[in-house]
Amino acid sequence: MPRFHFEVVDGYTIEDPLGVELPTEDQAKAIAHRMAEQISNDVADESLSAVVVKTDSGKEIYTAPIRKAPSPQ
């Protein structure tokens, strides 16, 4: 089963050295999307910009942008 690494980008890259084994790239992309949504809802740090998915060989296969929710008016 392939291993995928989920890295958070904030000007620097917060690496995921262990990764997670998942059956498909689509599942890895869905997890990255959910991670980015959760971070945008829970973390006030404006420097966080994306969750990047990489294969075990280091190939980048997906980037999920972290979009900050608009502030309430």
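**Exercise 1. Determine which strands the buried residues of helix H1 pack against in this predicted model, and whether these residues share one face of the helix.**

*Solution.* 

Step 1. The partners of the buried residues of H1 are strand S1 (3-9), strand S4 (50-55) and strand S5 (60-65).

Step 2. A residue is called buried when its relative accessible area is under 20%. In H1, this group consists of Ala 28, Ala 32, Ala 36, Ile 39 and Ser 40.

Step 3. Viewed down the axis of H1, these buried residues lie within an arc of 105°, so they line one face of the helix.

Step 4. On the face turned away from the buried side, H1 carries the exposed residues Asp 26, Arg 34, Asn 41 and Asp 42.

**Exercise 2. Describe how strand S1 is covered and identify the strands with which S1 pairs.**

*Solution.* 

Step 1. Five of the seven residues of S1 are buried, and the strand is thus mostly covered.

Step 2. S1 and S4 run antiparallel and are joined by six bridges. Within S4, Ala 50 stands opposite Val 9.

Step 3. S1 also pairs with strand S3 (residues 20-21) in the antiparallel sense, over two bridges. Here Glu 21 in S3 stands opposite Arg 3.

Step 4. A further antiparallel pairing, over two bridges, links S1 and strand S2 (residues 13-14). Ile 14 in S2 is the bridge partner of Val 8.

Step 5. The hairpin of S1 and S2 has three residues between the strands, and Gly 11 takes a positive phi near 95° in this hairpin.

**Exercise 3. Identify the residues of the largest nonpolar core that touch the most other members, and the elements that give two or more residues to this core.**

*Solution.* 

Step 1. The largest nonpolar core has 14 residues, of which Phe 4, Phe 6, Val 51, Val 53 and Ile 66 touch the most other members.

Step 2. S1, H1, S4 and S5 each give two or more residues to this core. H1 gives the most, with four residues.

Step 3. Leaving aside residues up to four places away in sequence, the contacts of Val 53 include Phe 4, Phe 6, Ala 28, Ala 32, Ile 61 and Tyr 62.

Step 4. In soluble globular proteins, nonpolar side chains tend to be buried together.

Key:
Residues are numbered from 1 along each chain as its sequence is written. This is a predicted model: local features need pLDDT of at least 70, side-chain atom pairs count only at pLDDT 80 or more; totals for chains, interfaces and linings use all residues. Side-chain values use heavy atoms; hydrogens and water are left out. Buried means under 20% relative accessible area, exposed over 50%, partly exposed in between (1.4 Å probe, protein chains only). The arc is that of the directions from the helix axis to the C-beta atoms. Contact means heavy atoms within 4.5 Å. Two strands pair if DSSP finds at least two bridges between them. A nonpolar core is a set of buried Ala, Val, Leu, Ile, Met, Phe, Trp, Tyr and Cys residues joined through side-chain atoms within 4.5 Å.
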